[in-house]
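Subject: Structure handover and findings

Dear colleague,

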Amino acid sequence: MARRLQPNLGEIGDAARALRAGKLVAFPTETVYGLGGDATSDRAVAAIFAAKGRPSFNPLIVHVANISSAAQFAELSAKAQVAARAFWPGPLTLVLPRRRDCRISLLATAGLDSVAIRVPAHTIAQTLLMMAGLPLAAPSANPSGRLSPTIADHVLADLDDKVEFVIDGGPCEVGVESTVLSILEDRPRILRPGAVTAEALAEALKEPVPIEMGAEDAAAPRSPGRLLSHYAPSLPVRLNAAASEPGEALLGFGPAAPKDALNLSPTADLQEAAANLFAMLRRLDNRHYRTIAVMPIPETGLGTAINDRLRRAAAPR
Ligand code: TXA
Ligand code: MG
């Protein structure tokens, strides 16, 4: 049974000690809750893979407190530094070359010669990183392939017997996972759209930043968050629905949605919709329905990340 911790210094200190002892702690970031463990410990990292039922070829994101910690583990090219200065701390993950002397577990990076690093902005995540004094491997705190958690109760529902502590920081502000930007061989490309948009990255880097869409080869994915079926509720999902059919739950968007439907954002605000996305999909994912029908979301700004998650939720399993 996991213990729910309050976000005060005493209880975050308990969590930091547990992490140093090799235990797993779920903690909030501004995107989603992460399942954290010591990224330098093969045992802790193996426990993360086991808790999630995650295939070992799918590498984890390493969380650190600041750019100088990141530089201990990865090569930061001039371009990577521009991106880091512009968006860290924040919802951006950079895939960078692993340093030769990198102490991160090879299991965490799935044997690749790159490492995914993120500096989260959330105060609780920052405090935990400082107090633990460790880089933390932390995938989203959900069973592999399922919906990411955006409140502590989601983590307790999914992973209760698999973590020591869950730090309860309330709902995550962003609600969809970080943007994953690969800057290998100096060629930036987005492997997973998120809160930091392609437009914002292109403006900071002063060059176009393509989003690599399409499914990965399941046998050898380079960024397995891009596996076609992912972020999925138990029920099938139908996209671009104008209305619900008999037996379907409707997830609305905007002022045109029926008043009795759950609505991602009645005012069509994409930020609000992203923050509500996973919690609302979870609420509709029950045996009263046979399908979840989702109204169309515009493909602009955060809408790109929302639609990316919805397409994967709707993909054949
Ligand atoms: O918002 C987030 O990013 C959350 C919070 C907890 O930080 N974390 C998260 O982690 O979503 P996870 O493990 O669920 O997703 C990590 C993504 C996966 O798609 C993985 O394949 C990709 O990052 N990734 C990790 N390391 C990589 C690498 N070296 N090269 C390419 N992709 C990588
Ligand atoms: Mg995930």
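Buried area, as used here, is the accessible area, taken with a 1.4 Å probe, that two parts lose on being put together, summed over both. Please keep in mind throughout that this is a predicted model.

The chain is divided into domain 1, residues 3-205, and domain 2, residues 237-314, and the C-alpha centres of these two domains lie 27 Å apart. Domain 1 brings 19 residues to the contact and domain 2 brings 13 residues. Between them an area of about 1300 Å² is buried, with carbon and sulfur atoms giving 60% of it. On the side of domain 1, Leu147, Val176 and Pro193 supply 43% of the area that this domain buries against domain 2, which is more than any other three residues supply.

Turning to the polar side of this interface, two salt bridges are counted between domain 1 and domain 2, and five residue pairs are in polar contact there, both residues of each pair being at pLDDT 80 or more. Sorted by class, the side of domain 1 that touches domain 2 has eight nonpolar, seven polar and four charged residues. Glu177 forms a salt bridge with Arg309, and the closest N and O atoms of that pair are 2.6 Å apart.

Over the whole structure, the search finds 16 salt bridges. Asp153 and Arg4 form one with their closest N and O atoms 2.7 Å apart, and this pair links distant parts of the chain, since Asp153 belongs to helix H6 (residues 152-159) and Arg4 to strand S1 (residues 3-5), 149 residues apart.

The structure holds one aromatic pair. Tyr231 and Phe278 form this pair, which is stacked, with 6.3 Å from centre to centre and 20° between the planes. Tyr231 lies in the loop between helix H7 (198-205) and strand S11 (237-238), while Phe278 lies in helix H8 (residues 270-284), so the pair ties together parts that are 47 residues apart in sequence.

Two backbone features also deserve a look, given that most residues other than glycine have a negative phi and most peptide bonds are trans. A cis peptide bond joins Trp88 and Pro89, with omega about -5°, and Pro89 is placed in the loop between helix H4 (78-87) and strand S5 (92-97). Asp186, a residue other than glycine, has a positive phi near 65°, and its place is in the loop between strand S9 (179-184) and strand S10 (187-192).

How values were computed: Residues numbered from 1 in each chain as written. Chains lettered and ligands numbered in written order. Predicted model: local features only at pLDDT ≥ 70, side-chain atom pairs only at ≥ 80, totals over all residues. Heavy atoms only, no water. Domains from an automatic or database assignment. Contact = heavy atoms within 4.5 Å. Salt bridge = Lys/Arg side-chain N within 4 Å of Asp/Glu carboxyl O. Polar contact = N/O pair within 3.5 Å; in protein donor to acceptor, adjacent residues only side chain to side chain. Nonpolar A, V, L, I, M, F, W, Y, C, P; charged D, E, K, R; others polar. Phe/Tyr/Trp six-rings, centres within 6.5 Å; stacked < 30°, edge-to-face > 60°. Helix = DSSP H or I, 4+ residues; strand = E, 2+ residues; numbered from the N terminus.
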